[in-house]
Amino acid sequence: MARRKAMASGGGSDDDVNLTPMLDVVFILLIFFIVTAQFIKEPGQEIQRVDADNDANVKPLAILVAINEDSEYYMDKKLVEENELEFRIDELRKDNPKGELVVQVDSDSNAEALVTLMEILRDSDSATVVNISTAQD
């Protein structure tokens, strides 16, 4: 009842809460999180992974290389030729220097494709740790 009397007498504007500063802070936080977020890059190929006994986890900000059932290499949703692999991995290393290299190999792929990739990695940087992605139980 007191509110109706205050609005009728013209004093209603003092009772309202100004939300503009709060919205400004929310938008600034949103922009901050969008700018600082690191997005996970997918290899872009559906892979049937092999089963393994180990269960070591790799950080999600890894550099992913996929080898499909036709023994083709995929990085960042694009088909990569064998002679471009070293260059593309070096590019991704510049973007993500702390990212570990993870290879997703289809269980129907040729083992020669994985061996070729490992040789390329050994020749470019012998200190590179390569993780092979397997199916989860």
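Helices and strands here are DSSP runs, numbered from the N terminus. I am working from a predicted model.

**Entry 1: strand β4.** I looked up residues 101–105, which make up β4. How many of its residues are buried? I found 5 of 5 buried, and the strand is mostly covered. I then checked which way the side chains point. L101, V103 and V105 point one way, while V102 and Q104 point the other way. In a regular strand the side chains alternate between the two faces of the sheet. I noted that Q104 is buried too, as are the residues on the opposite side.

**Entry 2: neighbours of β4.** Which strands are joined to β4? I found β1, residues 63–67, joined to β4 by 5 bridges, and the two run parallel. In this pairing, I67 stands opposite V105. I also found β5, residues 130–133, joined to β4 by 4 bridges, again parallel. Here V103 has I132 as its bridge partner.

**Entry 3: D125.** I located D125 in the loop between α4 (111–124) and β5.

**Entry 4: aromatic rings.** I counted 1 aromatic pair. The pair is F32 and F33, edge-to-face, with 5.5 Å centre to centre and 65° between the planes. F32 counts as partly exposed because its relative accessibility is 47%.

Key:
Residues numbered from 1 in each chain as written. Predicted model: local features only at pLDDT ≥ 70, side-chain atom pairs only at ≥ 80, totals over all residues. Heavy atoms only, no water. Buried < 20%, exposed > 50% of the residue type's maximum accessible area, 1.4 Å probe, protein only. Pairing = 2+ DSSP bridges. Phe/Tyr/Trp six-rings, centres within 6.5 Å; stacked < 30°, edge-to-face > 60°.
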